[in-house]
Amino acid sequence: MRICLLTGGGYPFRRDALGGWCRTLVDGLARFRFDLVTVSDREPPGGPAYPLPAHVSSARTVALSRETPRREGRDEHATAAAARLCQGLVTEQDEVFARGLAGLAALADGGTVGAGAPLNAVPLADVLLEAWRAGRSSGADDRLPRLSLRDARTAATLLRHAARALAVPLPEVDLVHCVGGTTPLLAALAGRWRTGTALLLTEARAPVAKLRAHEERLSPAVQTVLRRFRRAVARTGYAEAGLIAPLSEYHHSWALRHGADPRRLVPVPAGVDPQDFPCAPEARNPPAIVWAGNGGPQSGLACVLDAFARVAAAVPGTVLHLVGVTAAHEDHCAEQIERTGLGRAIRLHPLPADPRDRYAAGHVVVHVPGPSDPPYRLIEGMMSGRAVVGVDVGPVAETLGDAGLVVPDRDPAALAAACTGLLTAPARRRALGDAARRRALACFTADRVVRVYGALYTDLAGPPPAPAYELTLAVPAPRDARPATLRWLAGAGEDR
């Protein structure tokens, strides 16, 4: 059985928050053949950042160029599909949006990303303006801000770029497993509509209403277009996926609020390999805090540095280790550190090849998630047996439970107070570290993830079960629609 693991700009070519989880999944499911595809806005890297096992048939990255040359003339079929997409986006009618998106996917090349962009032959700004004005004039939605011609042109450029993912060619497989994000989901949807391949969606995203850093400078109307487009893509993915696997109760609730069928939701908490993160004794060095992140503008670094300035004043000699800072964000990270004036107390580390070295230097682990970070880094810190202080964003509180400290979001003073309290109370710190390790072992191990996903792959992509007949059941089989992962023994075609 062949599986296409489709991600957004990460595994196996970059080490990021999802990369370790993807690697664990692929390495643990050797009975399947994998084709790895990642879709990115950036130039493809030189080679895989992780060693690939023998059952990986191929691994490639597809870079979406930001150049969107307009084609000569006007494609009427593409224009009609774009009109439906814009109408559904403005009125928030999921079926209309999905028909428009499917029409564009059918027109995309599917083989050449640069050429297969059907929106390049559409006067998209005019189409969007027409749908927007119709929505405002109807009075059905008073939340629509005014969309100027300039706004429409900006939004059209962004939508054209996003739609290029519809042309990403996918390998011939039995199942596409898409790991969150709008861009890979667009590629997965196009592939499903072209070939009918089964789709499994891992929901690891933050709310799509959260804008990226550079998007906060856009006008309110353009921001509204982006939010509604991403929300509509997510809802379309929920409608098309055979199964949806949320990473947490937080993601589960979010998917339900955005139209996911509860019968197709199979929660699968994140997990890490305990052997990768052993519980090592605390080092006898000066007090130390570890934070793991890429160091970018949205990584939570600013909050960490603000809090550390307070910790350094309260507990002199404390060292902050920033682990996993990528080359792309080194300059930004250095600038932020320079502003604190605490450069001598802060250490920058690339992501260690050996995960056992990631948290060993710290006495306390701080987890400040970015807007799209899944809880993997948090679980890694817990599994390492370190006391964890987490900022209350997304699934942090439910993941930590009572095995760590949770502080409010965007409150450096509270974060600093929690860290200072643990650094000055060794017994309490070690007790929380032991509790975090026990909770991680009980709830968030990689073997559980591998076992459940192996069953989901087989359920979605495997052959139908052989006909069998029910002899006796202590509990009657349900008469209503049942979850896709539960097969009741029944005669083929029998009306239950």
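Before I count anything, let me say that helices (H or I, at least four residues) and strands (E, at least two) are DSSP runs, numbered from the N terminus. Counted in that way, the chain holds 15 helices and twelve strands.

What you see above is a predicted model, in which local features need pLDDT of at least 70 and side-chain atom pairs count only at pLDDT 80 or more, while totals for chains, interfaces and linings use all residues. Residues are numbered from 1 along each chain as its sequence is written, and side-chain values use heavy atoms, with hydrogens and water left out.

Let me begin with the whole chain. Of its 496 residues, 51% are buried, where buried means under 20% relative accessible area, exposed means over 50%, and partly exposed lies in between, with a 1.4 Å probe and protein chains only. If we take contact to mean heavy atoms within 4.5 Å, then among contacts between residues at least 6 apart in sequence, 71% join residues at least 24 apart.

Now to a sheet. Two strands pair if DSSP finds at least two bridges between them, and with that rule we find an open sheet of six strands in the order β3-β2-β1-β4-β5-β6, with parallel pairing. The edges are taken by β3 (56–63) and β6 (243–246), each of which has a single partner strand, so one side of each is left without a neighbour in the sheet. Direction ignored, neighbouring strands of this sheet are turned by 15° against each other on average.

Strand β1, residues 2–7, has five of its six residues buried, so it is largely enclosed by the rest of the structure. Six bridges pair β1 in the parallel sense with strand β2, residues 33–40, and there Arg2 stands opposite Arg33. The pairing of β1 with β4 is also parallel and runs over four bridges, with Cys4 having Val176 of β4 as its bridge partner. Strand β4 (residues 175–179) is in turn joined to the parallel strand β5 (residues 198–203) by five bridges, and Cys178 has Leu201 in β5 as its bridge partner.

Next, how do the axes of helices α3 and α6 cross? The axes of α3 (residues 94–107) and α6 (residues 182–195) come within 9 Å and cross at roughly 75°; axes here are lines fitted to C-alpha atoms, for helices over the stretch in contact, and angles run from 0 to 180 degrees between N-to-C directions. The two helices are therefore roughly perpendicular to each other, since angles under 35 degrees count as roughly parallel, over 145 as roughly antiparallel, 65 to 115 as roughly perpendicular and the rest as oblique. On the α3 side the contact is made by Ala98, Leu101, Ala102 and Ala105, and on the α6 side by Leu186, Leu189, Ala190, Trp193 and Arg194.

Helix α6 also meets helix α7 (residues 220–240), where the axes come within 10 Å and cross at roughly 45°, which makes α6 oblique to α7.

Finally, consider helix α11, residues 376–383, where eight of the eight residues are buried, so it is largely enclosed by the rest of the structure. Those buried residues include Tyr376, Arg377 and Glu380, and what covers them includes α1 (19–28), β7 (288–292) and α14 (426–443). Just after α11, Gly385 takes a positive phi of about 75°.
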